[in-house]
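Reader: I have a chain to look at and some questions about how it folds. Can we go through them one by one?

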Amino acid sequence: MNTLDETDDISAKAHALTAAVIGHPIAHSRSPMIHNRWLAEEGLAGQYGVIDILPAALPAACDILRQSPMTGFNATLPHKEMLLDLCDEVDATARAIGAVNTVSVRDGRLYGTNTDAFGFMENLRQGAPEFDPAGKTALVLGAGGAARAVLFGLQAAGIGQILLLNRTRSKAEALAEAFPGVQVAEWAARQALLKDVQLLVNTTSLGMCGQPDLELDLGGVSPEALVTDLVYNPLQTSLLNHAAAKGCQTVTGLGMLVYQAQKAFEIWFGVRPAVTDELIKTLEDSL
Ligand code: ATR
């Protein structure tokens, strides 16, 4: 497809859809499944689709989206960071997370925010309602984009202490600079540190279908600790299986996807849609 065809295609979709997710690649996104169900349940007209946009085409695409009748759009890889500069306004949450995942289109302007931290925390609240982050110690594995949203969400919820570990230590150190109070420790020390934590979060891609497992001996972990994995395919990662075998409560990663979507839908349409067991089942079946 040449550039002109791509621009035409983006424009045609932006004029036919109410909302969409933009990314590259994007064909396998589950967001349409979630949002189209909610649009129907809430009796709202319109369609949520996918728009494939190459990174180089994003600035021109933003001009098209700005002038489109769309209510808003979500963004995923590789556009989340670039949108910080391309939106007309970006709120403090997106700035702190360093990425935009939800954009509202109003009066020819793009307003960016980020609902990933909400999604992460709401998933914990729903999956482990009795877990109160206040004063607790969390061990967070990984220092990529997902980790930023997790650190922001945990600090906003009043977590006591965060230990951040990443294979590439320098990335954890750079991330910790943006989140004062976060302590960086050696990746190799992850096993030894487990005994002191009440929350363990995997934000790395380890354990994802097609990736190696996160090899972590949970021998030292307290059965009182809560363990969550951002990986949701497979739903029950080996980390979660081992944690459950130790008696720990576990929360799967699928809910983060659902609750970040819930917040985006609420921002655009002014109603908080229901996260039903059927929706979760449909998503699980799609994995
Ligand atoms: P995301 O935006 O989803 O967080 P990312 O930015 O690509 O994705 O980050 C992937 C994370 O998984 C990183 O923390 C990465 O560690 P490095 O910074 O050292 O690359 C981590 N990761 C990926 N493969 C890994 C492996 N084999 N062992 C340990 N960590 C790994």
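Reader: What share of the 287 residues of the chain counts as buried?
Author: This is a predicted model, and the share is computed from it. A residue counts as buried when its relative accessible area is under 20%. Of the 287 residues, the buried share is 48%.

Reader: How many helices and strands does the chain have?
Author: Both kinds of element occur in the chain. The count comes to twelve helices and twelve strands.

Reader: What is the radius of gyration of the chain, and what does the globule rule say about it?
Author: The C-alpha trace spans about 55 × 40 × 35 Å along its principal axes. For 287 residues the globule rule gives 19 Å. The chain comes close to that, so it is as compact as a globular protein of that length. Its radius of gyration is 19 Å.

Reader: What part of the contacts with a separation of 6 or more joins residues 24 or more positions apart?
Author: Take the contacts in the chain with a separation of 6 or more. Then pick out those between residues 24 or more positions apart. They account for 67%.

Reader: Are H2 and H12 roughly parallel or roughly antiparallel to each other?
Author: Helix H2 covers residues 31–41 and helix H12 covers residues 277–286. Angles over 145 degrees count as roughly antiparallel. H2 and H12 are therefore roughly antiparallel.

Reader: Which residues of H12 meet H2, and how does the contact divide?
Author: H2 brings Met33, Ile34, Arg37 and Trp38. H12 brings Glu278, Leu279, Thr282, Leu283 and Ser286. The residues of this contact divide into five nonpolar, two polar and two charged.

Reader: Is the crossing of H2 and H12 left-handed or right-handed?
Author: The handedness describes how one helix is turned against the other. For H2 and H12 the crossing is right-handed.

Reader: Are H6 and H11 oblique or roughly perpendicular to each other?
Author: H6 spans residues 116–127 and H11 spans residues 254–269. Their axes come within 7 Å and cross at roughly 120 degrees. The range for roughly perpendicular is 65 to 115 degrees. H6 and H11 are therefore oblique.

Reader: How do the residues of the contact of H6 with H11 divide?
Author: On the H6 side are Asp116, Phe118, Gly119, Phe120, Glu122, Asn123 and Gln126. They meet Gly255, Met256, Tyr259, Gln260, Gln262 and Lys263 in H11. The division is four nonpolar, six polar and three charged.

Reader: H6 also packs with H7; how do the residues of that contact divide?
Author: The axes of H6 and H7 (residues 145–156) are 8 Å apart, at an angle of about 65 degrees. H6 passes H7 in a right-handed crossing. Asp116, Ala117, Phe120 and Met121 of H6 make the contact with Ala149, Val150, Phe152, Gly153 and Leu154 of H7. These residues divide into seven nonpolar, one polar and one charged.

Reader: Is Arg66 buried or exposed?
Author: Arg66 belongs to helix H3, residues 58–66. Leaving out residues up to four places away in sequence, it touches Leu86, Asp88, Val105, Gly108, Arg109 and Leu110. Its relative accessible area is 13%, so Arg66 is buried.

Reader: Is Asp107 buried or exposed?
Author: Asp107 lies in the loop between strand S5 (102–106) and strand S6 (109–113). It has a positive phi of about 50 degrees although it is not a glycine. With a relative accessible area of 79%, Asp107 is exposed.

Reader: Is the peptide bond from His24 to Pro25 cis or trans?
Author: Pro25 is in the loop between strand S1 (19–23) and H2. Omega for the bond from His24 is near -5 degrees. The bond is cis.

Reader: What is omega for the cis bond from Leu77 to Pro78?
Author: Pro78 falls in the loop between strand S3 (72–75) and helix H4 (83–86). The bond from Leu77 to Pro78 is cis, with omega near 0 degrees.

Methods:
Residues are numbered from 1 along each chain as its sequence is written. This is a predicted model: local features need pLDDT of at least 70, side-chain atom pairs count only at pLDDT 80 or more; totals for chains, interfaces and linings use all residues. Side-chain values use heavy atoms; hydrogens and water are left out. Axes are lines fitted to C-alpha atoms, for helices over the stretch in contact, and angles run from 0 to 180 degrees between N-to-C directions. Helices (H or I, at least four residues) and strands (E, at least two) are DSSP runs, numbered from the N terminus. Angles under 35 degrees count as roughly parallel, over 145 as roughly antiparallel, 65 to 115 as roughly perpendicular and the rest as oblique. Contact means heavy atoms within 4.5 Å. Ala, Val, Leu, Ile, Met, Phe, Trp, Tyr, Cys and Pro count as nonpolar, Asp, Glu, Lys and Arg as charged, and the others, Gly among them, as polar. The radius of gyration is taken over C-alpha atoms; the globule rule is 2.2 Å times the number of residues to the power 0.38. Buried means under 20% relative accessible area, exposed over 50%, partly exposed in between (1.4 Å probe, protein chains only).
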